[in-house]
Amino acid sequence: MVDGATIDEAVAEARQSLAGAAGAWSVPVLLRSTAPPAFVGSPRTLGPEDNPHNLPGMDRRLISRERESTDLLRLVSKEGNRLVTITGAGGIGKSRLSLHVGKQLLFDFPDGVWMVECEIVAGRDELYATIAAAVGLHRFEGSAQEALFAYLRDRRLLLLLDCYEGLQVAGEAGAIERLLEAAPQVSAIVTSRSILGLASEVTYPLQSLGFDEQDPESGSVRLFFEFAAVNGKITVQDRQLASQICCLLEGVPLAIILAASRIPILSLAELLELIKKSACHCCTEGLEVLARLSRSLCP
Ligand SMILES: Nc1ncnc2c1ncn2[C@@H]1O[C@H](COP(=O)(O)OP(=O)(O)O)[C@@H](O)[C@H]1O
Ligand SMILES: [Mg+2]
């Protein structure tokens, strides 16, 4: 199982995630909140006292990413940027990180933090209807846009728009910018494989987890052992093998999780050999290799 999904589901997700490529540039900041919320420092868990939200609970802890979380909290909270896009390749950890940051920001947004799944949203009207449903606006007269903009006008909340790249492909990326103009106390963290190219956008290109053959304690190795069903003590040699596997997979979390889920069906040495044989030296191919591996092991 990978985050509640079977290995085949995870592979399908990996493939889908890899359909596009990541961009990584940066653009000027225009939209800022008039009153930036206070900076939130250390990670925390959700409690009943929190502001409203629809964020799912996480079975497993976030590995590494302390610096990235701090950067994003600073961008949204301290600097008050209202549209921050986390960009990066499929499987690199954008959604996971945005959820984590959204939870840390709950105290800053009295009207809550709302995750909006945009993967199958086709256009602007559907986006506004989907956001309306996510924030709890189910009954309204007229268009979803009118109702949503009126509802959000005086509210202070954070939207997490996940998998926004489809709207960009549809030429509708600007829909979020229009919403933010109509709702001056609303902020958004967007995840997308590529930059949206909006004037008000601040981009945060997300890199792989740390990996290094010489570092048996890297973020990648820690993620690997979080998901590998290793019984008993993890030896120094295990860590060295895992470091090599993680290097071949270039620190891409989804690839690492898929690989780790093969343990103990395969030994670490066998897994390393299989990945090496497939001669993959970039993460995209790395995931393909794991997809093939998975098919041969789970027919
Ligand atoms: N730092 C991390 N710690 C633990 N799990 C992670 C981490 N980063 C990503 N994951 C897991 O890796 C998988 C892929 O991450 P995800 O956020 O869905 O990638 P993306 O949104 O970039 O496609 C998910 O199962 C996610 O929970
Ligand atoms: Mg995602």
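# Reading helices, a core and a ligand shell

The chain holds 12 helices and 5 strands, where helices (H or I, at least four residues) and strands (E, at least two) are DSSP runs numbered from the N terminus. This is a predicted model, in which local features need pLDDT of at least 70, side-chain atom pairs count only at pLDDT 80 or more, and totals for chains, interfaces and linings use all residues. Residues are numbered from 1 along each chain as its sequence is written, while chains are lettered from A and ligands numbered from 1 in the order in which they are written.

User: Which residues of helix α2 are buried?

Analyst: A residue is buried if 20 or more other C-beta atoms, placed from the backbone, lie within 10 Å of its own, exposed if 12 or fewer, and partly exposed in between. In helix α2 (residues 66-78), the buried residues are L72, L73, V76 and S77.

User: Why do the buried residues of α2 line one face of the helix?

Analyst: An α-helix has 3.6 residues a turn, so residues three or four places apart point the same way. The buried residues of α2 fall within an arc of 105° seen down its axis, so they line one face; the arc is that of the directions from the helix axis to the C-beta atoms.

User: What do the buried residues of α2 pack against?

Analyst: Two residues are in contact if their C-beta atoms lie within 7 Å. The partners of the buried residues of α2 are β1 (83-87), α3 (94-104), β4 (187-192) and β5 (202-205).

User: Which residues are closest to ligand 1, and how many surround it?

Analyst: A residue is near a molecule if its C-beta atom, placed from the backbone, lies within 6 Å of it. Around ligand 1 there are 21 residues, and the closest are G93, K94, S95, R96 and P253. Two or more residues of this shell come from each of α3 and α10 (253-260).

User: Which residues have the most contacts inside the largest nonpolar core?

Analyst: A nonpolar core is a set of buried Ala, Val, Leu, Ile, Met, Phe, Trp, Tyr and Cys residues joined through C-beta atoms within 7 Å. The largest one has 76 residues, and L159, F224, I245 and I256 have the most contacts inside it. Its largest share, 7 residues, comes from α10.
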